[in-house]
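Have the viewer open as you read.

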Amino acid sequence: MERYYSYNHFLREYFGEKLYKICLDGGFTCPNRDGTLASGGCIFCSGGGSGEFAENSSLPISEQIRLGKAQTGRKYNGQRYLAYFQAFTNTYAPVSRLRCLYGEAISQPEIAGLCIGTRPDCVSDEVISLLVEFNQKKPIFIEMGLQTCHDDTARFLNRAYETEAFTRTCRRLSEAGIRTTAHIILGLPGENINMEYETIDYLNTLPIGGIKISMLYILKNTVLADYYSRHPFPILSMDEYIDHLLGCLSRLRKDIVVERMTGDGPKNLVITPKWIFHKRLVLNSIHKEMKNRNFMQGGSLCQKNL
């Protein structure tokens, strides 16, 4: 029984098959790092701009795709892929450069669609026009980091944009026919489960197509790591995270695709929690708890069996 709208289910509906993502690095930066808005980036973000699993930015996009395909050979037998511009803010460049990078990616015959990670304040009218143009050739999917709907928390995170910007950009992208996925983090400092529910309730009001959910994990050489060393705060255990996650998903609109339910930062960078390294155990535990609680996305949630 499908207890939630999974990403694999969506891919089979949309493309007729499961596809594998190839993570690319277009050599972008971020206005939250280069001094345009702020410096240092979001306090949880690594030096690689959350793109540690992407290919080398010094290589042409076509070569990054070739290498990405070679790395998937042992676990994926399909012939089509999604190209994922992941590291930093992937619409933060002149449109002429974006046209070259996106165009090179979708021109590869094995690339079925393009996923682009960005910020809502870096999606101009010119960028949307370019996305609409490419969306007529192959599907374009935008991913934006919200993390929380609470502006006080966002200021602590140094997100450097107000939640209203996310609202406006979601609606503009929807009007342009571009599908949007929101990223959120559970277990943020100063937030409780009811605040996380409020973030879900906020997203339910927006025309988004997907959601990626992660627990908070602390990476070495980040502002958050320095803050945590001076001001330790509670980090969710695996059981606590699952409890928060299922509570959030029970409130989530049924038509929103759950594209990610856990995170897995680079092992050499993660300070805490270490349980995220056991991804198979985490996912199996989530699915077991869904069954135990008779969980359904967007439905009622039974209390945890004690």
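## H9 against H10

Keep in mind that this is a predicted model. Start with the side chains where two helices touch: H9 brings Met238, Ile242, Leu245, Leu246 and Leu249, and these meet Leu281, Val282, Ser285, Ile286, Glu289 and Met290 of H10. Sorted by class, that contact has nine nonpolar residues, one polar and one charged.

As for the geometry, H9 covers residues 238-251 and H10 covers residues 279-292; they pack at about 55°, and their axes are 10 Å apart.

## H2 against H3

Next up are H2 (residues 61-72) and H3 (residues 95-106), whose axes cross at roughly 40° and come within 9 Å. That angle makes H2 oblique to H3, and the crossing is right-handed.

On the H2 side, the contact uses Ile61, Ser62 and Ile65, while H3 supplies Leu101, Glu104 and Ala105.

## Salt bridges between helices

How many salt bridges does a search of the whole structure find? The count is 18. One of them pairs Arg172 with Asp125, with the closest N and O atoms 3.0 Å apart. Arg172 belongs to H6 (residues 163-175) and Asp125 to H4 (residues 125-135), so this pair ties together parts 47 residues apart in sequence. Arg172 is partly exposed at 26% relative accessibility, whereas Asp125 is exposed at 52%.

Asp201 and Arg251 form a salt bridge too, with 2.8 Å between the closest N and O atoms. Here the link runs from H7 (residues 193-204), which holds Asp201, to Arg251 in H9, 50 residues apart. Both ends are partly exposed: Asp201 has a relative accessible area of 31%, and Arg251 has 36%.

## A local pair and a network

Arg155 and Asp152 form a salt bridge with the closest N and O atoms 2.5 Å apart. The two sit three residues apart in H5 (residues 151-157), so about one helical turn separates Arg155 from Asp152. Asp152 is exposed, at 60% relative accessible area.

Finally, which residues are linked in a network of salt bridges? Lys21, Glu143 and Lys212 are.

How values were computed. Residues are numbered from 1 along each chain as its sequence is written. This is a predicted model: local features need pLDDT of at least 70, side-chain atom pairs count only at pLDDT 80 or more; totals for chains, interfaces and linings use all residues. Side-chain values use heavy atoms; hydrogens and water are left out. Axes are lines fitted to C-alpha atoms, for helices over the stretch in contact, and angles run from 0 to 180 degrees between N-to-C directions. Helices (H or I, at least four residues) and strands (E, at least two) are DSSP runs, numbered from the N terminus. Contact means heavy atoms within 4.5 Å. Ala, Val, Leu, Ile, Met, Phe, Trp, Tyr, Cys and Pro count as nonpolar, Asp, Glu, Lys and Arg as charged, and the others, Gly among them, as polar. Angles under 35 degrees count as roughly parallel, over 145 as roughly antiparallel, 65 to 115 as roughly perpendicular and the rest as oblique. A crossing is left-handed if the near helix is turned anticlockwise from the far one by less than a right angle, and right-handed if clockwise. A salt bridge is a side-chain nitrogen of Lys or Arg within 4 Å of a carboxyl oxygen of Asp or Glu. Buried means under 20% relative accessible area, exposed over 50%, partly exposed in between (1.4 Å probe, protein chains only).
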